[in-house]
Amino acid sequence: MTLVTSLIAVVMAFLVFFVRIKASEKPTNAKKIILPPLFMSTGALMFIDPVFRVTRGELIEAVVLGLFFSLFLIKTSKFEVRGHDIYLKRSKAFIWILLGLIIIRLGLKTYLGRTIDYRQLSGMFYLLAFSMIVPWRIAMYVSYRKLAARLKPPVLT
């Protein structure tokens with residue numbers, strides 16, 4: 001089971017990388033920034049089933065680690081203006097950060113999987129990912145809004 005879920009995690013990481021490359025080729029907008037965490041939030045429904053629930057300590061560990069990892073994503077997510085549109089800038093560091101995150105995730109999964117049930121571990125990794133993505137997307141949205149405000153022509157009264 002660990003091998004299958006680890007393989008899925010690696011495939012998802014590469015999918016994120018390719019989606020990010022494609023995103024940098026098209027103008028972005030607020031909807032593209034805000035929607036992914038909203039869609040991901042449906043995953044919290046897993047906690048309806050008690051086997052996925054985590055202890056308070058595990059919750060704190062997952063959220064703190066997610067917030068820490070979000071800092072790296074925030075640092076590598078910048079926007080640029082091309083013409084009259086805003087684009088997500090490609091970052092050479094992003095792929096290395098993504099690879100680092102997947103390696104850390106696999107290492108943690110292997111280590112923690114010895115003592116924590118895999119369903120509970122799934123809940124922890126969901127919380128980690130969600131607490132990483134939400135601050136990252138909030139920072140992206142704030143940055144996007146600042147750039148968008150500078151692009152709008154001043155209103156003359």
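Student: Among contacts between residues at least 6 apart in sequence, what percentage join residues at least 24 apart?
Tutor: The model under discussion is predicted. A contact here requires heavy atoms within 4.5 Å. Among contacts in the protein chain between residues at least 6 apart in sequence, the share joining residues at least 24 apart is 83%.

Student: In what order do the elements of the protein chain run from the N terminus?
Tutor: The chain comprises five helices and two strands. Read from the N terminus on, these elements follow the order α-α-α-β-β-α-α.

Student: At what angle do helix 3 and helix 5 pack?
Tutor: Two packed helices are described by the angle between their axes and the distance between the axes. Helix 3 spans residues 56–75 and helix 5 spans residues 118–151, and their axes lie 7 Å apart. Helix 3 passes helix 5 in a right-handed crossing. The packing angle is about 35°.

Student: How many nonpolar residues does the contact of helix 3 with helix 5 have?
Tutor: Residues of helix 3, including L59, V63 and F69, meet residues of helix 5, among them M124, L128 and W136. By class, this contact has four polar and two charged residues, and the number of nonpolar residues is 15.

Student: Which helix gives the most to the lining of the largest pocket?
Tutor: The largest pocket holds about 1,600 Å³ of space. Of its 50 lining residues, the closest to the centre are M12, V16, M40, A129 and I133. Helix 1, helix 2, helix 3, helix 4 and helix 5 each supply at least two lining residues. With 12 residues, the one that gives the most is helix 5.

Conventions: Residues numbered from 1 in each chain as written. Predicted model: local features only at pLDDT ≥ 70, side-chain atom pairs only at ≥ 80, totals over all residues. Heavy atoms only, no water. Axes fitted to C-alpha atoms, helices over the stretch in contact; angles between N-to-C directions. Helix = DSSP H or I, 4+ residues; strand = E, 2+ residues; numbered from the N terminus. Left-handed = near helix turned anticlockwise from the far one by under 90°. Nonpolar A, V, L, I, M, F, W, Y, C, P; charged D, E, K, R; others polar. 1 Å grid on protein atoms, 1.4 Å probe; cavity = no way out; pocket = protein on both sides within 12 Å on 5 of 7 lines; lining within 4 Å. Points joined across faces, edges and corners; volume = space filled by probe spheres on them.
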